[in-house]
Amino acid sequence: MNLYTTFLRPLLFTYDPEWVHHLLIQKLDQTKGKEFQGLKQLIHQQFGYNHLALHQQIWGCHFPNPVGLAAGFDKDGLAWNWWADFGFGFAELGTVTPQAQPGNPPPRLFRLPQDQGVINRMGFNNQGVAHLQQQLTHDLGLEKRKIPIGINLGKGKNTTLDQAWRDYLYGFQGLKNYGDYFVINVSSPNTANLRDLQAQALLKPIFEALQQENLGQKPLLVKISPDLENQAIINILELVTTYDLAGVIATNTTIARPELKSAYAQEIGGLSGRPLTRRATEVIHLIYQQTQGQLPIIGVGGIFTAEDAWEKITAGACLLQIYTGWVYQGPGIVKKILLDLTEKLTALNLSTISQAVGLAHR
């Protein structure tokens, strides 16, 4: 019996989703330091899982397993040192903008339980680059990093599109010593016109400014929308190749509204979870085919089970991220997926998860 889905989730779902999320992050933030090591060990014993077949070396970083926490969950890095204990193989902080901003007015987060989805229109609410820098500086003194930490960069709400490159550059300059990889987020539907940055003319100056600053030191990835036409994705991949980016995250949330049953189905914002599963996997297939399997892909969108994870891995994703699945399935989801993935590898006589990447194409 899953105690979370049977008892805890029905209770939590009676409360405002943003309040519940804020409470969790706040409590994890308050339990830092040596005096909480015992608690962290208990959490790790309950939710952690380690198997050599799941380990990978990507971008010079060691990933103990392919399941990561997606951006948006821990925007300000308040709980970064907990995610390894909850079983994640990596975690992505942010989205962070140059200055603190409140985001869109609440309510802005909606559960769609009948569809196993979430709609959000948060609008890059975060405490800014300086705060995240301070947070990571302070915490690195307290605890060693157990998993790779990515940082997701965004532009400020009031920054014009032609000046957007300055915001991404500012974020990267301020945080490049703290992240193991960096993500250029040009695909959130919740900042007005942000998705226009996916056009080549606006994306070029962003890639160029960051790579001139980067000089190959850090892996830079771009996160794309599932709502793009395939040709638009191919156009982005051309730029990714030209500017030697390290990978693509496929995908962000969708503004599409497939046949949904839940009460909040028509709320404005990005839809995540089960309704996104199929399209996100299609985009992974497309990227893998177009790049002949040479470009690392982080697959995200509607992962609830090991079967979902396996479909994205065999489509071409070497790493995965979850968010909505964690909300619906609880913290036990990571361990369950990892256990089942290990069984799949054994059944197919594969010695590492890397051998499964892109298997559907072979």
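## Helix 5 and helix 6

Helix 5 and helix 6 are roughly parallel to each other. The reason is the angle: their axes cross at roughly 25°, and angles under 35 degrees count as roughly parallel. The axes come within 9 Å. The crossing is right-handed. This is a predicted model. Helix 5 covers residues 164-175, and helix 6 covers residues 200-214.

Which residues of helix 5 and helix 6 make the contact? Helix 5 supplies Trp 165, Tyr 168, Leu 169, Phe 172 and Gln 173. Helix 6 supplies Pro 205, Ile 206, Ala 209, Leu 210, Glu 213 and Asn 214. By class, eight of these residues are nonpolar, two are polar and one is charged.

## Helix 7 and helix 8

Helix 7 spans residues 230-242, and helix 8 spans residues 277-290. Their axes come within 11 Å and cross at roughly 45°. The two helices are therefore oblique to each other. The crossing of helix 7 and helix 8 is right-handed.

On the helix 7 side, the contact is made by Asn 230, Ile 233, Ile 234 and Leu 237. On the helix 8 side, Arg 279, Val 283, Leu 286, Ile 287 and Gln 290 take part. The contact of helix 7 with helix 8 has six nonpolar residues, two polar and one charged.

Ser 225 sits in the loop between strand 9 (220-224) and helix 7. Is Ser 225 buried or exposed? Its relative accessible area is 1%. Buried means under 20%, so Ser 225 is buried.

What does Ser 225 touch, leaving aside its neighbours within four places in sequence? The contacts are Ser 187, Arg 195, Gln 198 and Thr 251. Val 283 is 58 residues from Ser 225 in sequence, and the two are 9.3 Å apart in space, C-alpha to C-alpha. Val 283 also belongs to the helix 8 side of the contact with helix 7.

Strand 3 holds residues 67-69, and strand 4 holds residues 90-96. Two bridges join these parallel strands. Gly 68 stands opposite Phe 90 in strand 4.

## Two cis peptide bonds

Strand 4 also includes Thr 95. The peptide bond that joins Gly 94 and Thr 95 is cis, with omega at about 10°.

Another cis peptide bond joins Pro 106 and Pro 107. Its omega is about 0°. Pro 107 lies in the loop between strand 4 and strand 5.

Strand 5 (residues 109-112) is covered on both faces. In a regular strand, side chains alternate between the two faces of the sheet. Leu 109 and Arg 111 lie on one side of strand 5, with Phe 110 and Leu 112 on the other. All four residues are buried, the charged Arg 111 included.

Strand 6 covers residues 117-120 and runs antiparallel to strand 5. Four bridges join the two strands. Leu 112 stands opposite Gly 117 in strand 6. Strand 5 and strand 6 form a hairpin, with four residues between them.

Gln 116 is in the turn of the hairpin. Its phi is near 50°, a positive value in a residue other than glycine. How exposed is Gln 116, and what is its relative accessible area? The value is 27%, so Gln 116 is partly exposed.

Phe 124 is not a glycine either, and has a positive phi of about 55°. Phe 124 lies in the loop between strand 6 and helix 4 (128-140). Its relative accessible area is 5%, so Phe 124 is buried. Thus Gln 116 is partly exposed, whereas Phe 124 is buried.

Definitions and conventions
Residues are numbered from 1 along each chain as its sequence is written. This is a predicted model: local features need pLDDT of at least 70, side-chain atom pairs count only at pLDDT 80 or more; totals for chains, interfaces and linings use all residues. Side-chain values use heavy atoms; hydrogens and water are left out. Buried means under 20% relative accessible area, exposed over 50%, partly exposed in between (1.4 Å probe, protein chains only). Two strands pair if DSSP finds at least two bridges between them. Axes are lines fitted to C-alpha atoms, for helices over the stretch in contact, and angles run from 0 to 180 degrees between N-to-C directions. Angles under 35 degrees count as roughly parallel, over 145 as roughly antiparallel, 65 to 115 as roughly perpendicular and the rest as oblique. A crossing is left-handed if the near helix is turned anticlockwise from the far one by less than a right angle, and right-handed if clockwise. Contact means heavy atoms within 4.5 Å.
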